[in-house]
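Please examine the sequence and the model below before reading on. The explanation moves from salt bridges to a helix and then to a pocket.

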Amino acid sequence: EFVAFAELSISTGLRSLGSSIPVADRRPVLANLAVEAAWRRRGVGALLVRRLEQTAVDWGFYEILLQVEEDNLVGRSFYRSLGYVELFTDPASRRYDATSFFLRNVRTSKMTLRKELPEKNDEMAPISLISAAIDQMRAWAIGEK
């Protein structure tokens, strides 16, 4: 049984350097964070996000990006509590709506958030601490204390 899920991918694109000189740009993007309802407000989502942030640092990145729908106030508050700051809002974003029989692509407004990550071995939680927390979650799942 899954209690939480998230993705970390590398977005590639171009950015301008100086007088519009295109430069290849690669950035880690956190996406699709979901926590089973019974596991919410127990630190599971924050633990998963911190683990993915550590992975981004291990990959040599100094920042991480994500998008959250503008009307998702709970999600925005969650990410803000973890140190993410708003970069911009895209009112012409799209998302899939699966509430009816047919899957529809609908317009939505998404906010792009960014977090500056500390250098390796600076402020990130050690992997052993994260592993211990995951072990504790497993114990909770099977009813141990």
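Is Glu 63 buried or exposed? In this predicted model, Glu 63 is buried, because its relative accessible area is 4% and the cut-off for burial is under 20%. Glu 63 forms a salt bridge with Arg 27, with 3.2 Å between the closest N and O atoms. This pair connects strand S3, which holds Glu 63, to strand S2, which holds Arg 27, across 36 residues. Arg 27 is partly exposed, at a relative accessible area of 25%.

Glu 63 also forms a salt bridge with Arg 114, where the closest N and O atoms are 2.3 Å apart. Arg 114 lies in strand S5 and Glu 63 in strand S3, so this pair ties together parts 51 residues apart in sequence. Asp 25, Arg 27, Glu 63 and Arg 114 are linked in a network of salt bridges.

Another salt bridge joins the side chains of Glu 53 and Lys 115, at 3.2 Å from N to O. Because Glu 53 belongs to helix H1 and Lys 115 to strand S5, the pair ties together parts 62 residues apart in sequence. Glu 53 counts as buried at 2% relative accessibility, and Lys 115 is buried at 16%.

Helix H1 is itself mostly covered, with 11 of its 15 residues buried. Gly 60, which has a positive phi near 95°, follows H1.

H1 also supplies at least two residues to the lining of the largest pocket, as do S2, S3 and H2. That pocket holds about 920 Å³ of space and is lined by 26 residues. Strand S2 gives the largest share of the lining, 7 residues. By class, the lining residues comprise 14 nonpolar, 7 polar and 5 charged.

Note on methods. Residues are numbered from 1 along each chain as its sequence is written. This is a predicted model: local features need pLDDT of at least 70, side-chain atom pairs count only at pLDDT 80 or more; totals for chains, interfaces and linings use all residues. Side-chain values use heavy atoms; hydrogens and water are left out. On a 1 Å grid over the protein atoms alone, a cavity is a set of points where a 1.4 Å probe fits but cannot get out, and a pocket is an open set with protein on both sides within 12 Å along at least five of seven lines; lining residues have an atom within 4 Å of a point. Grid points are joined across faces, edges and corners, and a volume is the space filled by probe spheres set on the points. Helices (H or I, at least four residues) and strands (E, at least two) are DSSP runs, numbered from the N terminus. Ala, Val, Leu, Ile, Met, Phe, Trp, Tyr, Cys and Pro count as nonpolar, Asp, Glu, Lys and Arg as charged, and the others, Gly among them, as polar. Buried means under 20% relative accessible area, exposed over 50%, partly exposed in between (1.4 Å probe, protein chains only). A salt bridge is a side-chain nitrogen of Lys or Arg within 4 Å of a carboxyl oxygen of Asp or Glu.
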